[in-house]
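Reader: I would like to go through this model feature by feature. Please give the general idea each time, and then the case at hand.

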Amino acid sequence: MKILHTADWHLGHRLHEQSQLQEQTLFLDWIENYIINNKIDVLLISGDVFDNGSPSNQSLELYYSFLVKLKNTTCKSIIITGGNHDSPGTLNAPKQLLDALAIKVVGKATENIADEVFEINVNGEKIIIGAVPYLRDGDIRRAVAGESFNELTDKYKKALINHYKLIAAQCKLVNTSNAPVIAMGHLFATGGSISDSEQNIYVGTLGHIGATDFPTYFNYVALGHLHRPQIVGGNTKIRYSGSPNILSFSEINYDKKVLVLTIDAKEITNVDAIIVPNFRPFYKITGTIETCIAAFPDFIKNTYNLTPWVEIVLDEDSTVNTDALKEASKQYDFEILKTSLKKQRKTKGIEELLENTPSIKELVPTDVFKLKCEEMGFDLENRPEIWDAFNEVLQAVKNQ
């Protein structure tokens, strides 16, 4: 049996307001062909199918078209779990229809733990899947009035670890033939390496668990959330597949991958990291205006023929005129998505920004957050995921 582990597709993602539909479409075509050519039996998608909770019709069409196409391949079982970017309602809405296509969806934590455990049989071989979605605080822990942050953190972490223990117990209960057991998850495991396109999905260290916190009963843990493919805590059976497409210029210096597990005689015999093609060229250069312009001829297309995207970081400590960059780039077939200074000038402090405000009480929390980001020189406009994270935390606080 062959199982493909992937995550963090982020369908609908835009990089500096540029649509990534082209490379996302190419990825789905590529993975469909990979499944066909390599006779993949089971597909696991560990969260963040979409980039936001209200995906466009275009993103939904990509998703459903891909799932329907797999019906005619060797891949007869698909397990999809929700991530922090996904709307549980959106993922769960067609649950019964997808179930008829052997596609299991767990958009959020279920009331009955048995609803997150699936037994899959392929040609006489069996596996047990503990399909754990992104676990929101309110889904697994009862809030108590007056709790301190440390108490909240401790209780949430214990509840999260306990959820995996319950999953392991349920897997053991149904596993009457000693089949391999795979858990899925969408979370931050301590020791993982992050990129600019990821957010800390919990407040502070809330929800951070380590490799040793997962039950040893699992033969493999298929994780999502971190975009760099990696092994957690030196334990080769706990892995992030990473995102298949580049979602930030901080992700251009390593290969994107999917992971393929081979099961033989009730054991996981191999875990192979398969490199995903770089469908669009990305370039990032740091230097003076002159040295950056000199590098322009190197920014070329690859075989997929998508326009290269470029980030330029000028080695300057004060504002400079970038018209020369724009003018020089016109003769080349690439697009400059972002130009910034290596050393930004200090912005106004929050006190100065509030100087003309009669009272801070007149500001809503979102206004204060925006002002604080401006004070710190944080580019909130180009980091919409941070804005989403703040609003998620704000909403959680309001609901308690």
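**Reading burial, pairing and ring contacts**

Author: Y63 counts as buried, because its relative accessibility is 1% and the cut-off for buried is under 20%. Keep in mind that this is a predicted model.

Reader: What are the overall numbers of helices and strands in the protein?

Author: There are 11 helices and 17 strands. Of the 400 residues in the protein, 50% are buried. Among contacts with a separation of 6 or more, 71% are between residues 24 or more positions apart.

Reader: Which residues of helix 2 are buried?

Author: Start with the element itself. Helix 2 runs over residues 57-69, has 13 residues, and reaches 18 Å from its first C-alpha to its last, close to the 18 Å expected at 1.5 Å a residue. Its buried residues are S59, L60, L62, Y63, F66 and L67. They lie on the same side of helix 2, because the arc they cover around the axis is only 160°. The face turned away from that buried side carries the exposed residues N57, E61 and V68.

Reader: What covers the buried residues of helix 2?

Author: The cover includes helix 1 (21-37), helix 3 (88-92) and helix 4 (95-99), together with strand 4 (42-46), strand 5 (77-81) and strand 6 (103-106).

Reader: How should I read a strand, and with which strands does strand 1 pair?

Author: In a regular strand, side chains alternate between the two faces of the sheet. Strand 1 (residues 2-6) is mostly covered, with 4 of its 5 residues buried. It pairs with strand 13 (residues 257-264) in the antiparallel sense over 4 bridges, and K2 stands opposite T262 in strand 13. With strand 4, strand 1 pairs in the parallel sense, over 4 bridges. There, H5 has L44 of strand 4 as its bridge partner.

Reader: Is S46 in strand 4 buried or exposed?

Author: S46, which lies in strand 4, is buried, because its relative accessible area is 0%. Leaving aside neighbours within four places in sequence, S46 is in contact with H5, T6, A7, T81, M184, G185, H186, A222, L223 and G224.

Reader: How many aromatic pairs does the structure hold, and how is such a pair described?

Author: A pair of aromatic rings is described by the distance of the centres and the angle of the planes. The structure holds 17 aromatic pairs. One of them is formed by Y63 and Y64: this pair is tilted, with 4.8 Å centre to centre and 55° between the planes. Y64 counts as partly exposed, because its relative accessibility is 28%. A second example is F296 with Y332, an edge-to-face pair at 6.0 Å centre to centre and 80° between the planes.

Reader: Where in the chain do F296 and Y332 lie?

Author: The pair links distant parts of the chain, 36 residues apart. F296 is in the loop between helix 7 (289-294) and strand 16 (309-314), and Y332 is in the loop between helix 8 (323-329) and strand 17 (335-341). F296 is buried, because its relative accessible area is 0%. Y332, at 28% relative accessibility, counts as partly exposed.

Reader: Which rings are linked into a cluster, and what sits over the ring of W309?

Author: Ring pairs link W9, F27, W30, Y34 and F66 into a cluster; F66 is also among the buried residues of helix 2. Over the ring of W309 sits the charged end of R280, 3.8 Å from the ring centre.

How values were computed: Residues numbered from 1 in each chain as written. Predicted model: local features only at pLDDT ≥ 70, side-chain atom pairs only at ≥ 80, totals over all residues. Heavy atoms only, no water. Helix = DSSP H or I, 4+ residues; strand = E, 2+ residues; numbered from the N terminus. Expected span 1.5 Å × (residues − 1). Buried < 20%, exposed > 50% of the residue type's maximum accessible area, 1.4 Å probe, protein only. Arc of directions from axis to C-beta. Contact = heavy atoms within 4.5 Å. Pairing = 2+ DSSP bridges. Phe/Tyr/Trp six-rings, centres within 6.5 Å; stacked < 30°, edge-to-face > 60°. Lys NZ or Arg CZ within 6 Å of the ring centre and 35° of its normal.
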